[in-house]
Structures are given as structure tokens and as C-alpha cells.
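My notes follow in the order I checked them.

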Amino acid sequence: MAVLTSLTRFPSSSSLSSNARHLFLSPSSSSSIKQRFNLFSFKPSRSFASMSSSSSSPPLQEKITAPYGSWKSPITADIVSGSSKRLGGTAVDSRGRLVWLESRPNESGRGVLVVGGEKEPIDITPKELAVRTLTQEYGGGAFRISSSDDDDQLVFSNYKDQRLYKQHILHKDSPPKPITPDYGSPAVTYADGVFDARFHRYITVREDGRQDTSNPITTIVEVNLSAETLEEPKVLVSGNDFYAFPRLDPNCERLAWIEWSHPNMPWDKAQLWVGYISQAGIVDKRVCVAGCDPEYVESPTEPKWSPRGELFFVTDRKNGFWNIHKWIESTNEVVSVYPLDGEFAKPLWVFGTNSYEIIECSEEKNIIACSYRQKGKSYLGILDDSKGSCSLLDIPLTDYDNITLGNQCLYVEGASAVLPPSVAKVTLDQHKMKALSSEIVWSSSPDVLKYKAFFSVPELIEFPTEVPGQNAYAYYYPPTNPLYNASMEEKPPLLVKSHGGPTAESRGSLNLNIQYWTSRGWAFVDVNYGGSTGYGREYRERLLRRWGIVDVDDCCGCAKYLVSSGKADVKRLCISGGSAGGYTTLAALAFRDVFKAGASLYGVADLKMLKEEGHKFESRYIDNLVGEEKYFYERSPINFVDRFSCPIILFQGLEDKVVTPDQSRKIYQALKEKGLPVALVEYEGEQHGFRKAENIKYTLEQQMVFFARVVGGFQVADDISPLKIDNFDTSSDA
């Protein structure tokens, strides 16, 4: 629920309430989930386009000529907020059933574990609990299933108290029980665990803030799964600043893990270690596999043991791209499995990512299901390490995330230009090298095809930067609505999105948030400025010591490129971003004269404040991004309020520990005093990123109305009560 403060004015409570449809088909709301999902089934010989012909389209009629931005669209803010469920990981139980974690905006962002049933999916998380970890603030890796026998054990992190709980999936009458102590507050968190059958324990990353919440101690610990009473977890690995990916070999005799230290982020420099487990269960002898050789600057990630006990992992040594490698234990050597100028992994912002899976094979070779990115495009394939070859798979998804190994199949998380975040079940042939068939078994919005006629399909563009010979990338979405045209003389307003991170990557997959804008007549561009991942280390390091310069220049350059291409109105250029993207937004508005209005969602206004108040994971990140101390002042928008010249709207969660509320309040107050049109919206119960449907809806609608009012040239077709804009509205009522 939004906070009603003197800083903002909200519409009536009725307009704030969410009537969003719960698009996920829960047991109580769906009579035939398989029938719905069969819309997405396919055979490789059939194109997805032919499958989608059944989706409803508006009847053919003469198009209405109306100004850009004023078009009526069925993709409402209710639809967007209701379809914003997030997937927090997948697993397979001993019966071969898919288990997934979904965050539901209509339940205030509650994380629920769901198992696929024969007829309907079944929630297995009791309503009084929620699955989510706050380790390193961004979480991830919040649950794990042991499917080594017929009594599936599930361990998960509960959001409210951050304790670990054990649950038996098959025992419906056996409620989850805590297996870690209650410290009176959620000061101790856990993430990214693995079962150790040899010692009947759970090995996991622990972040312990009992002594200092701003600088918690991170270790790898064991949690006893057979103790009659709760025990304090025992530390197995310690001494460094950060740990991730504890992974046991098939015999539970060797433990691999990733570690790194300040001032590095895990994608800058990290180390991969293997520890040998003694008869007493302690990590005895240790070997550094990657990251210790001064000859290489590398960031290994995602270690994984093959069924035969060989260690694979991803690192960016030599060619600067995250490629799959294998450790030769006898000689302590590392060899590349498939050298390619492509990224086989993502930056470690959250725990538990799973970019590849090793498929068990009877022959003396390893078959690896994997995905990779090359210049803005995703590929899904099967690697044969004996041949050094990769066979690409053809499925309806075109953008891939995590991969989970099932029984004779793969479960692939991903999306496409016309499919929202989904999970596809890919059935493999007997040689496990080709896809026989594929079907969507989970979707954030099963009914999405009904809006297909209104979807804007992105165009991958490459544009010049301020540095001669260097280009950057973006996805451009043209205004698209089958019912409307604009006049030939008019150019559309453009919304430039600056992604967060800033070490992240925008993908060209279906995002109803973007379609909300384009179906109303906006052009939209999602920029992968220098510093984004997906393009190799050299591209990623363009931002080192130049945050607030390279990202700002690239967003401005992209907007100007689209204007020169005739795809945007130079007088109606707007910019929006969240977190680090919010900083880029504010910096672009303060230090450049390109945009006419902006929206900052939990964005950074004061770099020094971010450094002083930030959490441990990112506490030194900003040093590498900004550089010398003087630049912290020179690149902070708050210190140059006199340079702002256009309207700004700000949105902020009051429980945000990454970018604290003082950041938004400080920039708001300064702009208000200067006399610029400005508005601030604060939300109770929201952290870094909004999870509640009503807040997602309100944020989207108010951005739309704000830009319509301050940029001008059109009137929004939706019935939205605008909030008051300081220094713009002349009365207490907007």
C-alpha cells in the first residue's frame, strides 16, 4: 500500500485497488490447465506462427487516425500487474514432476512453491509461509529438492524469519519444520544450498548479520537434517568476503564453490575452489581450480559435477567471454569445452542460476544442454565435449534463462517476442541431441496470445557511441496497434529505458510493461549501453570508472539516432529507469539536454550516499564504477540541481536497503525548491523493486499520465486519476 505523505497525493482508495486478473491458472481457478497450455505445444517441423493463428485478433476495420500516445489498448495496467509473476527457479522431484517457485503480485509478491500434478498444479507452500531469501539483498537459490529417493525432501528459506525449513512433499499432513535457529530477527539468511546424502546434512551459503547488519559475515555452512533439536549450523568454508555455488560431486567427497573478495564483484574477479571432504565431514585439502593464476583475469561461475565426477564450470579466461570449461583433476589443468565469442552465463546478481545441465550418457563423453548469448540473440543447444560440437535446438522460445534436467527432457526457462516468461518442456531423442517436441508447462500469462495483434516486435539496433569506432546496442519497439494510425506528419513520443545493474542486459522478449506503452502509440527503446553483459568482458568493462558517462552518453546517443532515423519526435523524448537505471535517468536529465521528462524508480541521486549506506554486496562496487573520490561529487545529480530543466517523477519503496528512501526524498525536495514540476510516490512494504500488483499498476499508470501531461500533444485514453505534480498543478487537486 502506498504511503500518504505530504510529498504526494494519491487518488481515491478505489482507484488504488487492484482488479488485476490472476492470470495463472491455480487449482481453484482453472478447469483445464493442459487445455490452455496446449496452445503452445509444437513439433519442430511446425512454425510457432502457425500455432498462434488461433489467437483472437480484432476484426478487420478501417483504422482510426489519432495522435500517438492517445490510442486505446486492451493491454491495461491491470493486465500488466497481474501478469508480472516472477519465476524464482525450477527443480524436478523423484517422480519426474516439475517444481517451480513463483512470486505472485496479487498476493503482495508472496513466493509460492508449486508442483505440477497430473491434472492441476498444486501449491505446496502453506499460506502462512512465503519462499524467498534476502541473502545479498537480491536473493535467489531459495529452495532445493532432494530427489534421491521416493521421499522428496524440500528445504526452503522462509521470507518473514529467513530461517530454513524442511518439508516432505509427499507427506501432505507433515507441515514444514524449521531446521535453523530462531535468532529473534531475520539477521541470518541462507541461499544456494545442496543436499549431502553422505552426512545427511544441507550445505548452504550463510550471511550472518548478528554482529553487524551492514557488514555481515558470509560463509558456507552445514545444517544437520537428522538432529532432534535445532543446532547452530557449523562453518565449513570461511575467510573470504563472499561465497556462492557450493556443489557436491556424485559421491559427496568433493565440494566445489565460488568465492571473491572486495573490491571485486563476482563478474570482475573470482576464484573456483575444490575442497576434499574428510571422514569426519570437514573440508580438508583445498585446490584452486581457476582465478588464482596471475596470467588470467577471469570470473569463474556455475561449477557443476558430471555424473562421472568431472567438474565443469563457466569462465571468461583468454577470449573474454563466459565459456564452458572442464577441470582435469590429475594435472590441475583447465580446458575449454567449446570456445566461442558468446556468453554461456549471466552475472551473479542472484544465487542459484543454472545456465547449463550435464546429461547422463552411457558413452565416454559428456552431453551438455546449454544456452548462450551473442550480440543480443539467444541460442539453445546441446554440446558434445568429445567432438567440440554444438547442435542448436528449435523450440518456440527465443530467449533463454535457466535449464533444469528432467526425465528424458529439459525444462527451459525463457520467453520470445510473443511469449512472456515461460517454462518449456523439451523432449529429447534417444541420442539426446535433438528436440522431438516442446510444450509450455508454465507461463506468467497463459492468456497472452489474445493480445498478439497488439504486440510490438522488437528490432535489434546497433548505433554509434561517442567513442569513434565503438557501437552500442538496443531493442527498438515501434508503436503498434491494429486499430489506430497516426497522421503521416507526426512522429511518435519515445520512451528510453535504462536497465538496472548497471551490469545487466535487456532482452528482446515479450514484456507487457513495454507493450502497454507501444500499444498506446509510444515508441520504446531498451538500451544495452556500454557496461551491459551479454557482449563479453571488454564491452562490460567500458563502464569501469565511467559510470554516469558511458551509460548516459549511450542512452542519449540512442535517442538521437532514432530521431535522425525518423522514428521519434525530438520534442517528446522521455527516459525511465530503475535502480542503477534510475541513476542513469537522473544523470541524463542533469548533465545532458536531450530528454524532455523522466521517471526514476528507486534511482540513485547521490553516489556518496549510496556508498555510505549501501549493503555489503555492492559496498565496493561503486568504487570501480566511479573511480576517484572527486567523481562521486561530480557525477551525483543531487549536487547539480541547477542543471535540471525538465519534469521528473520518482517512485520509491520505503523498505529499500539498496537505494534508501532518503535518495529519492533528497532529489524530490531539491527539485521542488527549484520550481521544476516534480512528484514523489512512496510505497510501504516495498523493497528494491516493486512486487505488489497494486503498486506495479499505479507506477505504470502514473508514469503514462505524467508524461502525457508534461510533454503534451495527446490525452491518455485510459480513465486514470492523475496525482498532483508540484510546481505544475495550481490547486490541491490535480
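I began with a facing pair: Val-274 stands opposite Val-287 in S17. The model is a predicted one. I then looked up the strands around this pair. S16 and S17, the latter covering residues 283-290, are antiparallel and share five bridges. They make a hairpin with five residues between the two strands. In the turn I noted Gly-281, whose phi is positive, at about 90°.

On to S15, residues 254-260. S15 runs antiparallel to S16 (residues 271-277), and six bridges join them. Here I found Ile-258 opposite Leu-272 in S16.

Next I turned to the domains. The assignment for the protein chain lists domain 1 as 84-238 and domain 2 as 457-709. I read 34 Å between their C-alpha centres. For contacts, I have 17 residues of domain 1 against 13 residues of domain 2. The two domains bury about 1,300 Å² between them, with 48% of that area on carbon and sulfur atoms.

How many salt bridges cross the interface of domain 1 and domain 2? The rule finds zero. I do have six residue pairs in polar contact between domain 1 and domain 2, both residues at pLDDT 80 or more. Last, I sorted the residues on the side of domain 1 that touches domain 2: six are nonpolar, eight polar and three charged.

How values were computed: Residues numbered from 1 in each chain as written. Predicted model: local features only at pLDDT ≥ 70, side-chain atom pairs only at ≥ 80, totals over all residues. Heavy atoms only, no water. Domains from an automatic or database assignment. Contact = heavy atoms within 4.5 Å. Buried area = accessible area lost by both parts, 1.4 Å probe. Salt bridge = Lys/Arg side-chain N within 4 Å of Asp/Glu carboxyl O. Polar contact = N/O pair within 3.5 Å; in protein donor to acceptor, adjacent residues only side chain to side chain. Nonpolar A, V, L, I, M, F, W, Y, C, P; charged D, E, K, R; others polar. Pairing = 2+ DSSP bridges. Helix = DSSP H or I, 4+ residues; strand = E, 2+ residues; numbered from the N terminus.
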